[in-house]
Amino acid sequence: FYVQLRDLEDTSLLRTIADNYKVEILGHNVYMPLWFTLACSNESSGNALEMANLFYESGLFEAAEPDIMVEGLLQCVNDPLFSQQWGLQNTGQGGGTEGVDIHYCSAQELTMGESYISVAIIDEGVDLQHADLPNVTSSYDLFDHQSQDEIYGPHGTACAGVIGASANNNVGVAGISPNCYLMSIATDFHINVDAAQRMADGIEWAWKHGASVISNSWTIKNTPVGLINAAIQDAVTRGRNGKGCVIVFSSGNDNLPYVEYPSSNENVISVGAIDRCGNRCVRVDAGHSCDYWDNYHKGSCYGRDLSVVAPGVNIPTTDISGFSGNSINDYWLCFLGTSSACPHVSGVAALMLSVDSNLLWTDVRDIIELTAQKVGDYEYIKEVLGF
């Protein structure tokens, strides 16, 4: 929403009130410096319309109005945090480069996903009670081999929100393929004993229970593991009635000139991370980025086995409900790393299969790799996909 000051000296007053209402000042108009642009988040005291009314009724400002006209043109869903999901629609927010995104709104004109396409998330488990994740239809715990009865951390719920959070429900964030079903396959990343066996079991369980896409925001980092390679081979040859599951892996966060295993397996799609300016994501001391990672992540791994890059820093998504996650507001606004890039591609793959479920897994991989270089050319993408 927009606020007009009476005098530039009122800027500090604007900041004080914005802090009180927990809204962000994005900047002011370079041609009309008395006009400021502000944005709401899930922590704000109200939505943009309510905030504009509060600022105006305070009597401290010349004018205040919601961004109704532009919202109608630019925002294709009504989820309140969508304006911060730069990976879906980058308008230059936060100092980014307009258009560096996955062109979410254009994709939604074709499909929002189909319920017969399921995306399995092998991770720490998904919050099955989250209000924005009603489409988790099955779950499996890799420790007790039953339906998931425990969440081992917030990572899986974050991945699930990027892929499949409900869209147009006036709540939280919008998922990339919100009408597709999700499978939660849970494990504990902190327990290393027999980890390879559990991960292989997760891939096997996913394809045998109807997964079309298997999303894996994790790496093992060491040499290839026969168990996991065999499970991947099973999924791409026997999954989807022989058409093959689309298996997506994060490339790793160690700033290496090669992708980490299992992302290096030739039968998967390997995903690296970029920032909102289109640069490879790195730590502040590791190179150039307009949206740096924290000190615990060195940089997105890259190299000849990398298939594609996707948004991977400050990604708003779902969080474990209540006080057990990264935030107390059920949403995490700064999911980062190749872990957050991977589910972007998994969601896109689910949309592709929703449009044409007869695509082989190799078709999906090849189309993603082909169009990655021409992502801004929407007509080219439609031509390649046959729309």
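Where is Thr-223 found? Thr-223 sits in the loop between strand 8 (213–216) and helix 7. The structure described here is a predicted model. With a relative accessible area of 59%, Thr-223 is exposed, because exposed means over 50%. Thr-223 and Phe-61 are separated by 162 residues in sequence, and their C-alpha atoms are 62 Å apart in space.

**Helix 1**

Helix 1 covers residues 11–21. Which of its residues are buried? They are Thr-11, Leu-14, Ile-17 and Ala-18. These residues lie on the same side of helix 1, because they cover an arc of only 125° around the axis. An α-helix has 3.6 residues a turn, so residues three or four places apart point the same way. On the other side of helix 1, Asp-19 and Asn-20 are exposed.

The buried residues of helix 1 are covered by elements that include strand 1 (2–4), strand 2 (24–28), strand 3 (35–39) and helix 2 (48–57). Just after helix 1 comes Lys-22, which takes a positive phi of about 60°.

**Helix 5**

Helix 5 runs over residues 155–164 and is mostly covered, with ten of its ten residues buried. Among them are His-155, Thr-157, Cys-159, Val-162 and Ile-163. Glycines are also on the list, namely Gly-156, Gly-161 and Gly-164. The buried residues of helix 5 pack against strand 5 (118–123), strand 7 (181–186), strand 8, strand 12 (315–318) and strand 13 (331–335). Helix 8 (338–355) is another element that they pack against.

**Helices 6 and 7**

Two packed helices are described by the angle between their axes and the distance between the axes. Helix 6 consists of residues 195–208 and helix 7 of residues 226–238. How do their axes run, roughly parallel or roughly antiparallel? The axes come within 8 Å and cross at roughly 10°. Helix 6 is therefore roughly parallel to helix 7, since angles under 35 degrees count as roughly parallel.

On the helix 6 side, the contact is made by Ala-196, Gln-197, Met-199, Ala-200, Ile-203, Glu-204 and Trp-207. From helix 7 they meet Leu-227, Ile-228, Ala-230, Ala-231, Ile-232, Asp-234, Ala-235 and Arg-238. The residues of this contact divide into eleven nonpolar, one polar and three charged.

**Aromatic pairs**

How many aromatic pairs does a search of the whole structure find? The search finds eight. A pair of aromatic rings is described by the distance of the centres and the angle of the planes. Two of the pairs are set out below.

| Pair | Centre to centre | Angle between the planes | Arrangement |
|---|---|---|---|
| Phe-82 and Tyr-104 | 5.6 Å | 45° | tilted |
| Tyr-140 and Trp-205 | 4.8 Å | 10° | stacked |

The pair of Phe-82 and Tyr-104 links distant parts of the chain, 22 residues apart. Phe-82 is in the loop between helix 3 (68–74) and helix 4 (104–108), while Tyr-104 is in helix 4. Phe-82 counts as buried, at 1% relative accessibility. Tyr-104 is buried, with a relative accessible area of 1%.

The pair of Tyr-140 and Trp-205 also links distant parts of the chain, 65 residues apart. Tyr-140 belongs to strand 6 (residues 136–141) and Trp-205 to helix 6. Tyr-140 has a relative accessible area of 13% and is therefore buried, as buried means under 20%. Trp-205 is buried as well, with a relative accessible area of 14%.

Elsewhere, ring pairs link Phe-1, Tyr-21, Phe-55 and Phe-61 into a cluster.

**Backbone details in loops**

His-103 is not a glycine, yet it has a positive phi of about 55°. His-103 lies in the loop between helix 3 and helix 4, and at 27% relative accessibility it counts as partly exposed. His-145, again not a glycine, has a positive phi of about 55°. His-145 is found in the loop between strand 6 and helix 5. At 44% relative accessibility, His-145 counts as partly exposed.

Which peptide bond is cis, with omega near 5°? The bond from Tyr-261 to Pro-262 has this form. Pro-262 is located in the loop between strand 9 (246–250) and strand 10 (269–274).

Key:
Residues numbered from 1 in each chain as written. Predicted model: local features only at pLDDT ≥ 70, side-chain atom pairs only at ≥ 80, totals over all residues. Heavy atoms only, no water. Axes fitted to C-alpha atoms, helices over the stretch in contact; angles between N-to-C directions. Helix = DSSP H or I, 4+ residues; strand = E, 2+ residues; numbered from the N terminus. Parallel < 35°, antiparallel > 145°, perpendicular 65-115°, else oblique. Contact = heavy atoms within 4.5 Å. Nonpolar A, V, L, I, M, F, W, Y, C, P; charged D, E, K, R; others polar. Phe/Tyr/Trp six-rings, centres within 6.5 Å; stacked < 30°, edge-to-face > 60°. Buried < 20%, exposed > 50% of the residue type's maximum accessible area, 1.4 Å probe, protein only. Arc of directions from axis to C-beta.
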